Amino acid sequence: MNIGQAAAASGVSAKMIRYYETVGLTRQAVRTEAGYRVYTDDDVHTLRFIRRARDLGFSVEQIAGLLALWQDRDRSSADVKRIALGHVAELEHKVEGLKQMIATLRHLSACCHGDDRPDCPILDDLALQPQPKPARRARSA
């Protein structure tokens with residue numbers, strides 16, 4: 001099948017299929033004499049795997065690791081679980097950050113009169129110089 005058919009079958013756009021090939025998530029597509037890419041059902045299955053992993057927010061690097069484990073029949077499920085739980089921790093950290101942003105914006109919006117006056121605590125807060133974040137301590141192994 002051609003790239004358009006593979007895109008339709010996998011739910012991954014042709015542009016992203018080419019990108020995944022470029023970054024090494026998928027193998028180089030076989031090409032016809034005219035230079036057109038040709039995809040197999042296995043290629044589409046791999047693209048669906050990648051799409052699902054992206055839908056769950058895994059990074060390209062994490063997906064590469066998951067693909068390697070998926071293709072390794074001697075893998076340990078503990079390795080897969082470690083990657084998944086590491087991603088859960090990252091997502092939980094992001095959720096906490098989003099909750100803090102929501103709380104700040106709710107507070108600033110409550111302080112804003114929302115009338116015809118030019119005074120606006122939301123804009124005043126945005127204009128403040130940000131405080132530098134404390135340096136993260138390196139984890140010890």
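1. Basis of the values. In this predicted model, local features need pLDDT of at least 70 and side-chain atom pairs count only at pLDDT 80 or more, while totals for chains, interfaces and linings use all residues. Residues are numbered from 1 along each chain as its sequence is written, and side-chain values use heavy atoms, with hydrogens and water left out.

2. Nonpolar core. The largest nonpolar core holds 20 residues; such a core is a set of buried Ala, Val, Leu, Ile, Met, Phe, Trp, Tyr and Cys residues joined through side-chain atoms within 4.5 Å. Those with the most contacts inside this core are I17, Y20, L25, Y39, I50, F58 and I63. Two or more residues come from each of α1 (3-10), α2 (14-23), α3 (41-55) and α4 (60-71), and α4 gives the largest share, five residues. Helices (H or I, at least four residues) and strands (E, at least two) are DSSP runs, numbered from the N terminus.

3. Surroundings of F58. Leaving aside residues up to four places away in sequence, F58 touches A53, I63, L66, I83, A84 and H87; contact means heavy atoms within 4.5 Å.

4. Helix α3. The 15 residues of α3 reach 21 Å from first to last C-alpha, close to the 21 Å expected at 1.5 Å a residue (the expected span is 1.5 Å times one less than the number of residues). Within α3, D43, V44, T46, L47, I50 and A53 are buried (under 20% relative accessible area; exposed is over 50%, partly exposed in between; 1.4 Å probe, protein chains only). The buried residues of α3 pack against α1, α2, β2 (37-38) and α4. Just after this helix, G57 takes a positive phi of about 85°.

5. Aromatic pairs. The whole structure contains two aromatic pairs (rings of Phe, Tyr and Trp, the last by its six-membered ring, with centres within 6.5 Å; planes under 30 degrees apart are stacked, over 60 edge-to-face, the rest tilted). Y19 and Y20 form a tilted pair, 5.8 Å centre to centre with 55° between the planes. Y19 counts as partly exposed because its relative accessibility is 36%, whereas Y20, at 4%, counts as buried. F49 and W70 form a stacked pair, at 4.3 Å and 15°. This pair links distant parts of the chain, F49 in α3 and W70 in α4, 21 residues apart. F49 is partly exposed at 22% relative accessibility, and W70 is partly exposed at 23%.

6. Loop residue G11. G11 lies in the loop between α1 and α2 and is partly exposed, with a relative accessible area of 37%.
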